[in-house]
Amino acid sequence: METHFQEDLNELKKHILDMGYLALSMMEKAIQAIKETNDGLTQEVFELEKKANHMHVDIDDECIKLIARQQPMAVDLRFLSAVMKINTDLERIADQTVNISQTCYYHLFKESPVKQIQYVLKLADISHNMLKNSLKALDEKDINTARQVIAQDEEEDKLKKEAVETLIELIQKDPPNSKQFVDLILLAKNMEKIGDHATNIAEDVIFMAMGKDIRHHFYKGPAQK
């Protein structure tokens with residue numbers, strides 16, 4: 001029985017990583033769409049959302065069934081709890097890529113280009129790196145990589161704040177391009193939210209591996225066994 005349970009846990013880990021790499025692929029397509037003004041890539045993101053939604057439901061269902069059947073304790077329970085939270089963050093990352101693609105397809109691509117798109121692309125690079133590393137941390141239970149992701153969150157928050165403030169000023173100074181600037185503000189916020197979800201994943205990896213709940217800096221005691 002124990003062997004079968006471990007096999008189920010291993011299969012669940014594979015499924016949550018598959019979900020993670022699907023979300024990463026959607027993000028990469030959305031970023032490439034921005035760089036190339038490519039409508040086709042935005043359509044690919046829209047199609048992949050259906051798969052992401054199905055995987056989200058299936059993974060949660062797997063977790064609930066394993067908890068009900070096995071009544072896991074300690075490390076295994078932490079793993080299942082973390083997977084359910086990570087699953088939610090990955091689904092929300094997928095949603096953000098859809099929001100990015102919608103803004104591009106229905107609005108930004110119909111307007112003339114503006115050089116301030118570079119703000120969004122810088123945020124995209126940081127968020128992409130955070131998501132990729134959060135998945136690496138999950139796959140390898142790599143605490144150091146998880147902490148690097150968390151450390152990058154502050155950098156991204158500062159860059160987003162700077163970008164939004166600059167774009168708001170430009171709306172007033174350059175009214176003919178105000179639609180583009182509004183679109184870029186939306187995209188900057190989408191990229192930052194992806195980074196926030198990647199940070200959540202990294203925090204859950206630390207909880208899974210060490211039993212430390214570091215959200216909101218509440219952790220004060222030793223690691224749980």
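Author: Residues are numbered from 1 along each chain, and side-chain values use heavy atoms without hydrogens or water. In this predicted model, local features need pLDDT of at least 70, side-chain atom pairs count only at pLDDT 80 or more, and totals for chains, interfaces and linings use all residues.

Reader: What makes residues 39-70 helix H2?

Author: A helix is a DSSP run of H or I with at least four residues, numbered from the N terminus. H2 has 32 residues.

Reader: Why is H2 called roughly antiparallel to H3?

Author: Axes are lines fitted to C-alpha atoms over the stretch in contact, with angles from 0 to 180 degrees between N-to-C directions. The axes of H2 and H3 (residues 74-106) cross at roughly 165° and come within 9 Å. Angles under 35 degrees count as roughly parallel, over 145 as roughly antiparallel, 65 to 115 as roughly perpendicular and the rest as oblique, so H2 is roughly antiparallel to H3.

Reader: What makes Leu41 of H2 a buried residue?

Author: Buried means under 20% relative accessible area, with exposed over 50% and partly exposed in between (1.4 Å probe, protein chains only). Leu41 is among the buried residues of H2, which also include Phe46 and Asp60.

Reader: Which residue takes a positive phi just after H2?

Author: Gln71 does, at about 45°. Just after H4, Lys141 has a positive phi of about 50°.

Notes:
Helix = DSSP H or I, 4+ residues; strand = E, 2+ residues; numbered from the N terminus. Expected span 1.5 Å × (residues − 1).
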